[in-house]
Structure formats: C-alpha cells, structure tokens
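This report describes the fold of one protein, beginning with a helix and the elements around it. Please consult the sequence and structure shown below while reading.

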Amino acid sequence: MSNDEFRGALARLAAGVVLVTAQEPPLDEDGRGEDVGMTATAFMSVSLDPPLVMVSLRNDSRMDDLLAEQPLWAVSVLSESQRHIAGRFAMKGRISDRLLFADIPYVRGEITGAPLAGGALATLECRTEQRIVAGDHTLVIGRVLTAQLPSGDGGPLTYFRGRYRQLG
C-alpha cells in the first residue's frame with residue numbers, strides 16, 4: 001500500500017475541525033508568552049469519567065514541541081462560518097502565530113490562558129495527562145478542565161476528501 005492509497009482511503013472519513021491553542025511560557029517574568037495555534041481534524045473524545053480528549057500532533061511540529069513542555073492547552077470546535085480560521089492555522093510555511101491571531105476574535109481561557117476562538121461551537125481547556133508516540137505523530141491525551149458552549153449558531157465545520165465542508 002502506498003502513502004497516497006492510505007491518504008485517499010482516510011480522506012473519505014469525515015472529521016470535525018478544531019483549533020488547538022496554547023501559550024508559550026514568557027521569556028521573562030514581565031511578559032506574556034506567544035500564542036500558538038494549529039488546525040486539527042484528528043481530535044476525539046476519549047472518556048467521560050474522567051473527562052478526556054485526544055489530539056494527534058505531527059512529531060516535531062511547533063505544537064508538539066510546545067505541548068511537550070506546556071501541559072495546559074485549549075480547543076475551539078469550529079463552526080461552518082470559521083473556515084477562514086481553519087485554513088489560516090493549517091498553512092504550511094505560514095507567518096508568525098502572533099499575526100495569525102491578530103484579527104480573530106478570541107477570549108483567553110481562565111485556566112490555560114490560551115486563546116479560545118470567538119464564535120466557536122464549543123471550547124475546552126485541557127491539561128495533558130499522557131503523550132503517546134505513534135509513528136510520525138504524538139497522541140496527546142488531555143483532561144478537560146472546562147467546557148463551554150459559547151455559540152449555538154450554525155453547524156460544525158467538517159473536513160472530507162481534502163476540503164472543508166458544511167453538513168447538509
């Protein structure tokens with residue numbers, strides 16, 4: 001089986017789209033660390049008791065490196081109207097994260113300090129419980145510390161056959 005065959009088969013599995021965010025530790029005691037974000041489609045609920053979720057991160061990516069040091073992170077479940085956010089944080093060779101967040105409405109998580117996208121269908125703040133290396137990715141299992149439903153408007157943003165889609 002080739003990588004293209006494997007990718008093609010899994011492209012037929014529809015997935016929800018989330019924005020995973022965290023804040024780098026500050027360089028000095030007076031500052032705030034830089035915000036970091038990435039789009040993910042490999043995100044799922046793991047357990048209800050305790051409340052656990054999992055995200056899959058490419059090994060040695062900026063988010064993987066950050067979450068190896070920083071145990072606090074957040075997830076915004078994106079709505080169908082937030083396709084531009086998903087695309088922005090999925091770009092390869094992108095500009096700095098600071099500029100990516102510049103014109104996106106967000107609030108800071110009370111526990112994590114991480115950006116939570118305004119207009120998201122749901123937001124979660126998490127603390128890493130376990131990291132499991134699996135091939136060229138790391139599975140990060142996080143305990144959900146807060147869960148909120150900031151927006152009930154619209155449907156979820158999904159990813160299917162290599163494109164962002166709307167249900168319906």
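## Helix H3 and its surroundings

Strand S2 (18-23), strand S3 (35-40), helix H4 (97-101), strand S11 (157-160) and strand S12 (163-166) are the elements against which the buried residues of H3 pack. Contact here means heavy atoms within 4.5 Å. Helices (H or I, at least four residues) and strands (E, at least two) are DSSP runs, numbered from the N terminus. In helix H3 (residues 83-90), the buried residues are Ile-85, Ala-86 and Phe-89. These residues cover an arc of only 100° around the axis, which places them on the same side of H3; the arc is that of the directions from the helix axis to the C-beta atoms. Buried means under 20% relative accessible area, exposed over 50%, and partly exposed in between, with a 1.4 Å probe and protein chains only.

The model is predicted: local features need pLDDT of at least 70, side-chain atom pairs count only at pLDDT 80 or more, and totals for chains, interfaces and linings use all residues. Residues are numbered from 1 along each chain as its sequence is written, and side-chain values use heavy atoms, with hydrogens and water left out.

Strand S5 (residues 52-58) is largely enclosed by the rest of the structure, because six of its seven residues are buried. The pairings of S5 are tabulated below.

## Ser-76

Strand S6 (residues 72-77) contains Ser-76. This serine counts as buried because its relative accessibility is 0%. Leaving aside residues up to four places away in sequence, Ser-76 touches Val-17, Val-18, Leu-19, Pro-115, Leu-116, Ala-117, Ala-120, Ala-122 and Thr-123.

## The whole protein

The protein has four helices and twelve strands. Its radius of gyration is 16 Å, close to the 15 Å that the globule rule gives for 168 residues, so the protein is as compact as a globular protein of that length. This radius is taken over C-alpha atoms, and the rule is 2.2 Å times the number of residues to the power 0.38. Of the 168 residues, 40% count as buried. Among contacts between residues at least 6 apart in sequence, 63% join residues at least 24 apart.
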